[in-house]
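Colleague: I would like to learn how to read the charged features of a model. Could we go through one together?

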Amino acid sequence: MTELNHRAELAALRVVALEDILSTSDAELRKEAVDDGEDVAAVAADLKAAMREAAAAALRQRLSQAKARMTARPAADLGRPVRPPMEQLKQLIQEVFASDRSLGLAFREGKRQSDADWESLYDDLVALGKIQPASHED
(Lines give C-alpha, C1' and ligand atoms only; values in the text may rest on other atoms or scores of the structure.)
Protein backbone atom coordinates (compact mmCIF):
# COMPACT_ATOMS: atom_id res chain seq x y z
CA MET A 1 0.00 0.00 0.00
CA THR A 2 1.09 3.54 -0.60
CA GLU A 3 1.57 6.26 2.00
CA LEU A 4 -1.64 7.92 0.79
CA ASN A 5 -3.64 4.72 1.36
CA HIS A 6 -2.21 4.33 4.88
CA ARG A 7 -3.22 7.87 5.76
CA ALA A 8 -6.72 7.36 4.38
CA GLU A 9 -7.14 4.14 6.38
CA LEU A 10 -5.90 5.79 9.58
CA ALA A 11 -8.26 8.71 9.06
CA ALA A 12 -11.17 6.32 8.53
CA LEU A 13 -10.24 4.39 11.69
CA ARG A 14 -10.14 7.63 13.70
CA VAL A 15 -13.61 8.56 12.47
CA VAL A 16 -15.00 5.12 13.40
CA ALA A 17 -13.34 5.23 16.85
CA LEU A 18 -14.71 8.70 17.58
CA GLU A 19 -18.19 7.69 16.44
CA ASP A 20 -18.00 4.63 18.72
CA ILE A 21 -16.97 6.74 21.73
CA LEU A 22 -19.64 9.37 21.05
CA SER A 23 -22.36 6.73 20.72
CA THR A 24 -21.37 5.07 24.01
CA SER A 25 -23.13 6.33 27.14
CA ASP A 26 -21.19 7.80 30.07
CA ALA A 27 -22.17 4.85 32.25
CA GLU A 28 -20.84 2.36 29.68
CA LEU A 29 -17.57 4.28 29.29
CA ARG A 30 -17.18 4.40 33.08
CA LYS A 31 -17.87 0.64 33.36
CA GLU A 32 -15.32 -0.14 30.60
CA ALA A 33 -12.68 1.97 32.36
CA VAL A 34 -13.32 0.27 35.71
CA ASP A 35 -13.25 -3.17 34.02
CA ASP A 36 -9.85 -2.26 32.53
CA GLY A 37 -8.58 -1.34 36.01
CA GLU A 38 -8.60 2.43 35.47
CA ASP A 39 -9.22 4.85 38.35
CA VAL A 40 -11.98 7.00 36.83
CA ALA A 41 -11.49 9.83 39.34
CA ALA A 42 -7.75 9.96 38.63
CA VAL A 43 -8.31 9.96 34.87
CA ALA A 44 -10.82 12.82 35.25
CA ALA A 45 -8.43 14.77 37.51
CA ASP A 46 -5.55 14.29 35.04
CA LEU A 47 -7.73 15.43 32.14
CA LYS A 48 -8.94 18.47 34.10
CA ALA A 49 -5.35 19.42 35.00
CA ALA A 50 -4.19 18.99 31.40
CA MET A 51 -7.03 21.20 30.11
CA ARG A 52 -6.29 23.88 32.70
CA GLU A 53 -2.60 23.86 31.81
CA ALA A 54 -3.41 24.11 28.10
CA ALA A 55 -5.71 27.09 28.76
CA ALA A 56 -3.08 28.75 30.97
CA ALA A 57 -0.38 28.20 28.34
CA ALA A 58 -2.60 29.78 25.67
CA LEU A 59 -3.24 32.80 27.91
CA ARG A 60 0.48 33.15 28.69
CA GLN A 61 1.26 33.07 24.97
CA ARG A 62 -1.37 35.75 24.23
CA LEU A 63 0.01 37.93 27.05
CA SER A 64 3.55 37.51 25.74
CA GLN A 65 2.46 38.49 22.21
CA ALA A 66 0.58 41.53 23.53
CA LYS A 67 3.66 42.65 25.49
CA ALA A 68 5.82 42.23 22.40
CA ARG A 69 3.42 44.35 20.34
CA MET A 70 3.37 47.06 23.00
CA THR A 71 7.15 47.30 23.29
CA ALA A 72 7.64 47.21 19.52
CA ARG A 73 5.35 50.20 18.95
CA PRO A 74 6.66 53.72 19.63
CA ALA A 75 4.80 55.61 22.35
CA ALA A 76 3.71 58.34 19.92
CA ASP A 77 1.75 55.77 17.89
CA LEU A 78 -0.31 54.70 20.90
CA GLY A 79 -2.42 57.81 21.19
CA ARG A 80 -2.78 61.38 20.19
CA PRO A 81 0.39 63.08 18.92
CA VAL A 82 2.44 65.08 21.42
CA ARG A 83 1.79 68.75 20.80
CA PRO A 84 2.89 71.89 22.62
CA PRO A 85 0.39 73.80 24.77
CA MET A 86 -2.27 75.60 22.70
CA GLU A 87 -0.79 79.09 23.04
CA GLN A 88 2.68 77.88 22.01
CA LEU A 89 1.13 75.87 19.16
CA LYS A 90 -0.65 78.99 17.84
CA GLN A 91 2.56 81.01 18.14
CA LEU A 92 4.55 78.39 16.19
CA ILE A 93 1.94 78.33 13.42
CA GLN A 94 1.84 82.13 13.20
CA GLU A 95 5.65 82.26 12.98
CA VAL A 96 5.61 79.76 10.10
CA PHE A 97 3.02 81.80 8.19
CA ALA A 98 4.93 85.02 8.86
CA SER A 99 8.20 83.55 7.60
CA ASP A 100 6.80 81.70 4.56
CA ARG A 101 4.50 83.92 2.48
CA SER A 102 3.82 81.05 0.06
CA LEU A 103 1.57 79.42 2.65
CA GLY A 104 -2.09 80.33 2.69
CA LEU A 105 -4.99 79.61 4.98
CA ALA A 106 -8.74 79.88 4.54
CA PHE A 107 -11.15 80.12 7.44
CA ARG A 108 -14.50 78.38 7.34
CA GLU A 109 -17.28 80.86 6.69
CA GLY A 110 -14.99 83.66 7.84
CA LYS A 111 -15.11 82.48 11.46
CA ARG A 112 -12.22 81.92 13.82
CA GLN A 113 -10.40 78.58 14.10
CA SER A 114 -11.35 76.11 16.84
CA ASP A 115 -8.68 74.45 18.96
CA ALA A 116 -9.18 71.26 16.90
CA ASP A 117 -8.55 73.30 13.72
CA TRP A 118 -5.31 74.70 15.20
CA GLU A 119 -4.18 71.20 16.19
CA SER A 120 -4.96 69.84 12.73
CA LEU A 121 -3.10 72.73 11.10
CA TYR A 122 -0.13 72.12 13.40
CA ASP A 123 -0.10 68.42 12.49
CA ASP A 124 -0.22 69.31 8.79
CA LEU A 125 2.68 71.75 9.12
CA VAL A 126 4.70 69.14 11.00
CA ALA A 127 3.94 66.62 8.23
CA LEU A 128 5.06 69.16 5.62
CA GLY A 129 8.29 69.76 7.52
CA LYS A 130 7.48 73.43 8.18
CA ILE A 131 7.55 72.83 11.96
CA GLN A 132 10.03 70.53 13.62
CA PRO A 133 8.42 68.82 16.66
CA ALA A 134 11.73 69.05 18.54
CA SER A 135 11.65 72.85 18.17
CA HIS A 136 9.01 73.19 20.87
CA GLU A 137 10.03 70.49 23.37
CA ASP A 138 11.13 71.63 26.79
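Colleague: What percentage of the 138 residues of the protein count as buried?

Modeller: Keep in mind that this is a predicted model. Buried means under 20% relative accessible area. By that rule 13% of the 138 residues are buried.

Colleague: How many helices and how many strands are there in the protein?

Modeller: The protein has five helices and zero strands. Along the sequence the pattern reads α-α-α-α-α.

Colleague: How many salt bridges does the count come to?

Modeller: A salt bridge is a side-chain nitrogen of Lys or Arg within 4 Å of a carboxyl oxygen of Asp or Glu. The count here is six salt bridges.

Colleague: Which residues are linked with Arg-83 in a network of salt bridges?

Modeller: The network joins Arg-83, Glu-119 and Asp-123. Arg-83 and Glu-119 form a salt bridge through their side chains, at 3.6 Å from N to O. That pair links distant parts of the chain, with Arg-83 in the loop between α3 and α4 and Glu-119 in helix α5 (residues 115–128), 36 residues apart. The side chains of Arg-83 and Asp-123 also meet in a salt bridge, at 2.6 Å from N to O. Here the two residues are 40 apart, and Asp-123 lies in helix α5.

Colleague: Is Arg-83 buried or exposed?

Modeller: Arg-83 counts as buried because its relative accessibility is 16%, and buried means under 20%. Its two partners fall in another class: Glu-119, at 24%, is partly exposed, and Asp-123, at 25%, is partly exposed.

Colleague: Where are Lys-130 and Asp-100, the pair that links distant parts of the chain?

Modeller: The side chains of Lys-130 and Asp-100 meet in a salt bridge of 2.9 Å, N to O. Lys-130 is in the segment after α5, and Asp-100 is in the loop between α4 and α5, 30 residues apart. Lys-130 is partly exposed at 39% relative accessibility, whereas Asp-100 is buried with a relative accessible area of 17%.

Colleague: Which residues form the negative surface patch?

Modeller: A patch takes residues with over 30% relative accessible area and no salt bridge. The negative patch consists of Glu-19, Asp-20, Glu-28, Glu-32, Asp-36, Glu-38, Asp-39 and Asp-46.

Colleague: Which helices each supply at least two residues of the negative patch?

Modeller: They are α1 (3–23) and α2 (26–35). Take Glu-32, which is found in helix α2. At 47% relative accessibility, Glu-32 counts as partly exposed.

Technical notes:
Residues are numbered from 1 along each chain as its sequence is written. This is a predicted model: local features need pLDDT of at least 70, side-chain atom pairs count only at pLDDT 80 or more; totals for chains, interfaces and linings use all residues. Side-chain values use heavy atoms; hydrogens and water are left out. Patches are made of residues with over 30% relative accessible area and no salt bridge: like charges are joined within 9 Å, nonpolar side chains (Val, Leu, Ile, Met, Phe, Trp, Tyr) within 5 Å. Accessible areas come from the Shrake-Rupley method with a 1.4 Å probe; for residues, only the protein chains shown count as cover. Lys and Arg count as positive and Asp and Glu as negative; His and the chain ends are not counted. The place of a charge is taken as NZ of Lys, CZ of Arg, CG of Asp or CD of Glu. Helices (H or I, at least four residues) and strands (E, at least two) are DSSP runs, numbered from the N terminus. Buried means under 20% relative accessible area, exposed over 50%, partly exposed in between (1.4 Å probe, protein chains only).
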